[in-house]
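Hi there,

Here is the structure I promised to pass on to you. Have a look around it before you read on.

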Amino acid sequence: MKFTCLSKGRGFHLPSCHVLNFCGIRILLDCPLDLSALMTFSPVPNAFDTLPFEETDNAEADGFLGSKVGSDKRQKIEKLLDAKSLIFAEPWYKTVKSLHLWNASFIDVILVSSPMGILGLPFITRMKGFSAKIYVTEASARFGQLMMEDLVSMHAELRQFYGPEKSDFPQWLRQEELEILPSVLREIILGKDGEELGGWMPLYSATDVKDCMLKIHTLKYAEEACYNGTLVIKAFSSGVEIGSCNWTLNGPKGDIAYLSSSSFIYSHAMSFDYRSLHGTHVLIYSDFSSLCDTQDVEDVDNYSVPNADKLLPMSFQDLDRFNLNSDENLEEKEKLIFISSCAIECVKGGGSVLIPTNRLGTILQLLEEITTSLEASAMKVPVYIVSSVAEELLAFLNIIPEWLSKQRQERLFAGEPLFAHVQLLNEKKIHVVPAIHSHKLLMNWQEPCVVFCAHWSLRIGPAVHLLRRWCGDPKSLLILEDVQNPELALLPFQPVAMKVLQCVFPSGIGLQNIQPLLQTLQPKNVLFPEDLRLRTSFPSEKPFSVLHYTEAEILKVSCRKNSRELKIATDLASQFYRKTFKNQEIIISRLKGELLLENARHHLLLDNDTEHLRNMPLLHWGLPDSEKLLAALSKVGINASLEIISDTESQTVCIVHSQDPCKALIEIGTTSAVITTADENVASLIYKVVDNILDGV
């Protein structure tokens with residue numbers, strides 16, 4: 001198999017992306033969007049006087065900063081990063097680096113591991129020649145569709161403001177315009193090596209999303225899907241989000257486990273099903289979340305694995321105890337309580353709380369925690385959820401108990417709603433509205449309040465308008481998800497007087513869990529990220545081999561089964577005539593039939609003409625030993641001589657000449673032996689000699 005990492009991603013919002021060639025089938029693993037790159041664009045301005053039209057006479061026509069300015073002006077702008085440095089144009093969206101270089105018609109299968117991994121899919125499905133099979137879990141497909149529809153809806157506001165593009169190549173993508181951008185923005189657009197410019201594309205349409213969803217084949221957990229009779233595909237819960245999964249691929253040449261971002265913290269989604277990944281030939285470790293986990297980095301030196309010098313097998317029960325005894329679940333609960341307490345203190349002081357997030361699990365948990373705290377404090381503060389798809393999303397959550405954790409499922413059996421929002425909606429303690437300008441919201445709006453909305457990039461969606469309303473209020477609070485550059489995220493809203501609480505929510509396997517997990521899964525080979533090599537050291541004696549991979553590097557891995565499975569009908573097996581070869585540990589039977597491959601298994605169908613099989617001439621195994629052949633011919637009265645030759649064209653190894661009692665010639669090749677003589681009796685005699693020396697069937 002061949003494996004290429006296209007992108008290691010950046011945590012929950014940007015999953016990693018890979019290309020795998022297995023059994024001759026080209027597989028794309030996830031297709032995300034880098035929505036953090038939206039921070040290079042300006043949100044819709046408050047008024048026209050905020051646009052940097054005065055920078056140049058030509059900028060008004062182009063709608064972009066900095067056209068045809070002098071070199072001195074460029075140097076001055078390069079050193080400055082402020083709100084006017086951002087790109088004032090309809091945003092384009094950044095796909096995975098190098099993915100645009102792949103011909104869509106060459107991709108056979110696409111596997112999507114999470115709702116975030118589906119956001120870039122319409123870019124590929126709308127390409128000419130696309131015919132790949134797409135496999136996604138039912139829950140991820142539905143959540144992913146809602147997220148894409150919401151993204152299209154939020155983008156429509158910017159498109160309406162800026163108007164249609166005048167050309168297929170926007171002004172801000174031109175080289176002269178990129179050169180005058182501050183280095184922070186230029187690096188986001190071009191990447192460190194300048195190879196990411198081709199990944200920018202205009203956003204797909206609502207029609208593209210519908211067409212994409214029609215091409216998706218949905219699966220339940222552990223449900224088999226067979227591609228082309230060769231590859232059996234299964235999805236298993238990864239525990240990160242509802243519907244997120246890991247994959248197993250079983251083919252005639254071996255089996256592979258793909259381990260995406262996974263979590264041992266069981267809050268709402270079904271628990272991490274690591275048992276189903278056990279004992280594969282190759283395990284692709286693709287959880288890069290610990291690269292962003294600062295807590296893990298601080299604690300890794302104080303952590304030691306039992307039997308670190310020799311990695312011994314660990315049972316599933318041992319790993320269960322290892323994780324149940326960890327403090328991760330407790331820390332997560334304490335974090336939610338702390339965030340909720342900050343929100344309550346804010347509204348008590350007369351300020352409002354803005355929570356722009358796209359993480360469904362975080363929304364559900366914070367919603368429950370904050371509303372419980374508000375009720376305990378006897379405060380009547382409205383809670384709003386502003387999203388074009390919120391109503392559909394919350395309704396869908398009520399009918400998917402099979403995708404939830406055991407704790408959530410127990411609520412169903414106890415006659416309770418799966419999530420608290422059902423009761424909160426009935427009691428009108430939360431209000432779900434499609435847009436910030438909707439009539440329902442305008443009629444019921446009260447401050448202080450708590451608002452959940454999109455988008456965490458702070459460039460599109462309701463968050464932009466609400467942040468502009470409250471950014472100057474020191475009593476208000478912004479709960480911001482973990483972003484790499486919070487200063488850049490808040491740049492258009494400066495000066496920001498409101499309090500900002502940045503939260504890091506775990507979305508993968510911690511460093512302390514990697515070795516125990518791999519120790520338990522016991523694969524034969526592990527493909528492991530080079531970036532994690534220094535943070536995770538494996539002992540010299542381990543039950544698996546480790547191959548490290550980096551971005552944009554093709555890694556060839558041997559993935560072969562020690563044996564093959566062949567399904568044979570009972571009536572066929574009863575007709576076998578088996579023969580054991582001389583000096584060989586081989587038992588062979590000659591058949592005539594048809595060999596089929598179905599569901600990654602070989603099936604043998606027998607030809608009904610068994611009489612023809614009995615009359616077929618013998619086939620011999622191997623090459624006759626020349627010295628033994630001369631001795632055997634001498635015993636039956638045939639004197640012969642040996643001529644050793646090396647003819648690569650005819651593949652002849654040696655020639656045996658006979659003059660007495662009759663002329664004969666035996667040509668021994670690498671694939672056959674030819675007996676030539678004018679006497680039929682002599683030919684028959686030589687054939688019997690060769691037959692006695694070789695094994696025949």
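Below is a short tour of what turned up.

Please keep in mind that this is a predicted model.

**The chain as a whole**

The protein chain has 697 residues, and buried residues make up 50% of them. Its secondary structure comes to 22 helices and 33 strands. If you take the contacts with a separation of 6 or more, 69% of them are between residues 24 or more positions apart.

**Aromatic rings**

How many aromatic pairs does a search of the whole structure find? There are 18.

Next, look at Phe 161 and Tyr 162. Their ring centres are 5.0 Å apart and their planes are at 90°, so they make an edge-to-face pair. Phe 161 is partly exposed, with a relative accessible area of 31%, and Tyr 162 is partly exposed as well, at 21%.

One more ring deserves a visit: Arg 359 lies over the face of Phe 12, at 4.2 Å from the ring centre.

**Helix 7 and its two sides**

Which residues of helix 7 (residues 206-214) are buried? They are Asp 208, Val 209, Cys 212 and Met 213. The buried residues of helix 7 pack against helix 3 (121-125), helix 4 (138-162) and strand 8 (216-219). On the face turned away from the buried side, helix 7 carries the exposed residues Lys 210 and Leu 214.

**Cavities**

The search of the whole structure also finds 7 cavities of 30 Å³ or more. The largest cavity holds about 620 Å³ of space. It is lined by 43 residues, and those closest to its centre are Met 116, Met 147, Asn 358, Leu 360 and Leu 393. Which element gives the largest share of the lining? That is helix 4, with 6 residues. Helix 4, helix 11 (360-376), strand 15 (383-386), helix 12 (390-397) and strand 17 (450-453) each supply at least two residues of the lining of the largest cavity.

**Some backbone details**

Most residues other than glycine have a negative phi, and most peptide bonds are trans. With that in mind, here are some spots to check.

A cis peptide bond joins Glu 447 and Pro 448, with omega about 5°. Pro 448 is in the loop between helix 15 (439-444) and strand 17. Another cis peptide bond joins Ala 454 and His 455, where omega is about 20°. His 455 is in the loop between strand 17 and helix 16 (462-470).

Asp 30 is not a glycine, yet its phi is positive, near 75°. You will find Asp 30 in the loop between strand 3 and helix 1. Asn 228 has a positive phi too, of about 55°, and lies in the loop between strand 9 (225-227) and strand 10 (231-237). Are these residues buried or exposed? Asp 30 is buried, at 2% relative accessible area, whereas Asn 228 is exposed, at 63%.

**A last stop at Asp 531**

Asp 531 lies in the loop between strand 20 (525-529) and strand 21 (545-549) and is partly exposed, at 32% relative accessibility. Leaving out residues up to four places away in sequence, Asp 531 touches Lys 8 and Leu 291. From Asp 531 to Glu 551 is 20 residues in sequence and 9.8 Å in space, C-alpha to C-alpha.

Enjoy exploring!

Best wishes

Notes
Residues are numbered from 1 along each chain as its sequence is written. This is a predicted model: local features need pLDDT of at least 70, side-chain atom pairs count only at pLDDT 80 or more; totals for chains, interfaces and linings use all residues. Side-chain values use heavy atoms; hydrogens and water are left out. Rings of Phe, Tyr and Trp (its six-membered ring) pair if their centres lie within 6.5 Å; planes under 30 degrees apart count as stacked, over 60 as edge-to-face and the rest as tilted. Buried means under 20% relative accessible area, exposed over 50%, partly exposed in between (1.4 Å probe, protein chains only). A charge sits over a ring if NZ of Lys or CZ of Arg is within 6 Å of the ring centre and within 35 degrees of the ring normal. Helices (H or I, at least four residues) and strands (E, at least two) are DSSP runs, numbered from the N terminus. Contact means heavy atoms within 4.5 Å. On a 1 Å grid over the protein atoms alone, a cavity is a set of points where a 1.4 Å probe fits but cannot get out, and a pocket is an open set with protein on both sides within 12 Å along at least five of seven lines; lining residues have an atom within 4 Å of a point. Grid points are joined across faces, edges and corners, and a volume is the space filled by probe spheres set on the points.
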